[in-house]
Amino acid sequence: MSSVEVRNLVKKYGAFTAVRDASFKAESGSLISILGPSGCGKTTTLRTIAGFEDITSGEILLDDRPLANTPPWRRNIGIVFQSYALFPFMTVGANVGYGLKMRKLAKSDIDRRTDEALKRVGLPDSQSKYPRQLSGGQRQRVALARALVFEPDVMLLDEPLSALDAKLRDEMRFELKRIQKQSGVTTLLVTHDQEEAFTLSDQIVVMNNAIVKQVGTPREIWDQPGSAFVADFIGVENIFPAETVAGGIEISGNRFSAGSPNNRPDPFKVGFRSSDLVLVDADNVETENRITGEVIGEAYTGDSNVYQVQTGLGAEPVILKSKKDQKLHGNVHMRLPPEKILVLEED
Amino acid sequence: MPMSSTQRDWALSLPAFVIVGLLAVIPALMLFVSAFTSPDIEGFTLANFDKLWNSKLATQAFWRTIRVALSVTVITIILGYPLAIGFLRANARLQPVLLTLLVFPLMVSVVVRAYGWIVVLSPSGILNQTLLAMGLVSEPVEILHTEYAVILGESQLLLPYMVLSLIASLQKADSNLEEASMSLGANPVTTFFRIVVPVSVPGLLTGTLLVFALALTAFATPLLLGGGRTPLLTTLIYTFAFTTFDWSAAAAVGLILIVLALVFVALQRWVGAKVLKSYE
């Protein structure tokens with residue numbers, strides 16, 4: 001097991017910058033995700049670590065050892081591609097054993113370790129099958145076994161679950177976590193799916209437009225998204241521009257009391273989750289942090305009702321999540337608890 | 001009585017059968033018959049083949065034809081891979097241009113291209129003049145009217161077929177396969193032989209069949225670049241039919257050529273069936 005560190009990584013294609021000054025570190029044995037929308041530079045970052053792309057500047061360190069001059073075939077990094085990239089003309093056994101064969105192991109060792117790896121991913125007795133005879137989930141497992149069997153220093157996963165249907169994806173998410181923990185291999189995963197990143201990772205690196213926006217544990221990112229982009233990407237529904245005034249903040253002329261004004265960037269935005277809004281009665285006299293508005297849209301999501309409420313906070317409606325049976329219409333009154341207000345850097 | 005659907009199908013395909021029969025089957029049968037008959041002998045005979053067997057010119061042409069076809073196939077394979085891979089790695093905007101360049105020679109007459117080679121290879125041609133000017137040779141190298149000239153000309157002629165076949169099968173493959181192989185510890189050379197070549201086997205088989213068959217039956221190129229001194233089976237047929245008017249001998253050579261082609265097709269099929277079992 002090894003740690004992987006990316007230091008001030010820059011990758012340019014001519015005039016286009018794919019990755020701008022990215023830095024993060026995956027501790028030995030941990031699982032780190034790069035989360036971001038398509039085209040944000042996350043796959044490019046992964047490919048530079050794999051050695052498929054040269055880096056323009058910066059460093060990639062494997063256990064404090066620079067990787068720059070090591071070609072991909074000497075990096076000892078296992079990769080699971082989005083398409084799995086199983087060799088179609090080889091059996092499952094030959095696919096998994098390929099990395100060991102390249103390392104010139106004895107045939108008996110190759111067979112034994114291939115068997116073990118396939119057992120570990122839950123596919124015993126499939127050595128003689130061909131990839132085309134397997135389902136999507138099984139191919140994924142073979143790809144995992146192939147990337148893990150030679151005990152790589154690092155495993156890279158490129159959108160590993162995106163080719164699977166929803167039910168299988170949930171199942172494989174648990175499997176992936178289990179296999180990663182069992183093998184203890186340092187893993188770097190690239191995904192655009194925030195749920196995947198949150199459930200699997202020890203650390204999350206959020207990227208947008210070639211820039212690392214935030215690095216933190218899933219909890220840190222969930223509780224304290226640093227910027228409007230991160231907040232929006234992880235599903236904070238309500239984001240409005242705001243400014244600091246005496247005793248609190250103002251959103252479009254509406255005053256709110258909020259936490260400490262320290263460390264507030266300027267300019268800034270505030271965000272709050274639809275589920276953090278508290279409904280209050282119209283005759284409630286307490287007016288602090290109150291938002292009043294009119295319901296203009298409604299959606300039923302199964303375990304809750306989601307409403308669009310037109311308020312004085314801005315042209316964008318406020319999104320409010322209510323309990324299952326709570327039907328709302330006309331004017332509604334909500335309270336925004338000060339501790340639930342997220343202060344966000346503008347992007 | 002109304003026709004059954006089978007009867008109707010037969011009725012509808014009858015004109016096609018008749019045309020194909022007239023144009024292909026009957027001449028082939030005539031060839032067959034004349035190969036086994038001789039104006040001097042009554043009934044069927046192997047005299048024509050016997051005559052060829054004892055002719056140095058014919059046996060030389062036989063082996064030369066096989067040698068040329070095999071050489072051309074090997075050369076187009078060796079040149080085909082870099083071209084096909086280069087094409088697939090090229091910028092998407094450049095690809096249509098490259099494809100046009102690749103296919104363009106096919107639109108130029110074989111005869112015109114053979115004359116092009118004559119200009120290059122003849123004793124007073126560009127190649128020899130350059131070599132003489134550079135002092136590398138003291139007298140013109142004799143390339144034109146040798147087997148090498150035929151191989152060169154046909155390789156250039158048939159290269160596009162190999163490249164296009166290889167591109168077709170490489171294009172279908174997952175573009176990450178090579179990277180997957182390298183990430184598993186295989187260097188680019190190992191990756192080429194262990195992954196790229198196996199992945200392209202269907203295209204390689206198609207390309208080999210096309211190039212070999214076309215090289216075997218090429219006529220204008222051997223005639224113009226090989227000349228009378230280096231006959232191949234095709235040019236030998238021409239000589240027998242139009243110079244010595246020995247139609248039976250021409251038919252016998254033709255039959256040998258057909259058998260050669262069929263043997264190769266069978267071989268290609270057999271290899272294909274063995275190898276492609278793990279593909280589909």
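Modeller: 23 residues of chain A are in contact (heavy atoms within 4.5 Å) with 23 residues of chain B. This is a predicted model, where local features need pLDDT of at least 70, side-chain atom pairs count only at pLDDT 80 or more, and totals for chains, interfaces and linings use all residues. Residues are numbered from 1 along each chain as its sequence is written, chains are lettered from A in the order in which they are written, and side-chain values use heavy atoms, with hydrogens and water left out.

Biologist: How much area is buried between chain A and chain B?

Modeller: About 2,000 Å², with carbon and sulfur atoms giving 65%. That is the accessible area (1.4 Å probe) the two parts lose on being put together, summed over both.

Biologist: How many salt bridges across the interface?

Modeller: The rule, a side-chain nitrogen of Lys or Arg within 4 Å of a carboxyl oxygen of Asp or Glu, finds 1. A:Arg47 pairs with B:Glu179, their closest N and O atoms being 2.7 Å apart.

Biologist: Switching to chain B, how many helices and strands?

Modeller: 13 helices and 0 strands, taken as DSSP runs (H or I, at least four residues; E, at least two) numbered from the N terminus.

Biologist: What are the spans of its C-alpha trace?

Modeller: About 75 × 70 × 30 Å along the principal axes of chain B.
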